[in-house]
Structures are given as C-alpha cells and as structure tokens.
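Q: How should I read burial and confidence in a model like this one? Please show me the structure and begin with the terms.

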Amino acid sequence: MQIRGGKLEYNDKDEKSKKISRIILIAIVLVFIAIIAIICTILYLQKSILRTYVDGQAVSINERNYPNR
C-alpha cells in the first residue's frame, strides 16, 4: 500500500481484497450488535411496564388524566 499524489494505491490486489473483507466483516459485526441492543431494549421496556393484577390475573387499566392532580 502506497500513497501517490494523494491517492491510496495497492501494490497487491490480494492486500486490497483483505482490507475490503475486513471492513465488511466489521460492518456485519456492528449491525449484529445493534440488532441485539434493539432486541434487549424492547424486552426491557416490555418487562418494565406497570402491570396490575387482580385475583392473580393480569388486568389492563387505561390511563386517566386528572387535571387537578
């Protein structure tokens, strides 16, 4: 790999393909980590939602807006 006239030139095409494959591999790993982070965030939000139980059964209660409270 050499720099000539402000441009990056490769002496060997094999070196260029190795560099490109490393970049692609890093991009795939970053996308995979991002997907795992999104899934974990969704699962955390689902578990942190307030649930109300009546006689052992989960009950959904609508939120009410009280103007004076």
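A: Buried means under 20% relative accessible area, exposed over 50%, partly exposed in between (1.4 Å probe, protein chains only). Here, 0% of the 69 residues count as buried. This is a predicted model: local features need pLDDT of at least 70, side-chain atom pairs count only at pLDDT 80 or more, and totals for chains, interfaces and linings use all residues. Residues are numbered from 1 along each chain as its sequence is written, and side-chain values use heavy atoms, without hydrogens and water.

Q: What does the protein average in pLDDT?

A: pLDDT is the predictor's confidence in each residue, from 0 to 100. The protein averages 78, and 65% of the residues score at least 70. Where pLDDT is low, predicted coordinates should not be read in detail.

Q: Where is confidence lowest, and where highest?

A: Helices (H or I, at least four residues) and strands (E, at least two) are DSSP runs, numbered from the N terminus. Confidence is lowest in strand β1 (residues 2-4), mean 62, and highest in α1, at 89. The order along the sequence is β-β-α-β-β.

Q: Is Leu 30 buried or exposed?

A: Leu 30 lies in helix α1 (residues 13-48). Leu 30 is exposed because its relative accessible area is 53%.
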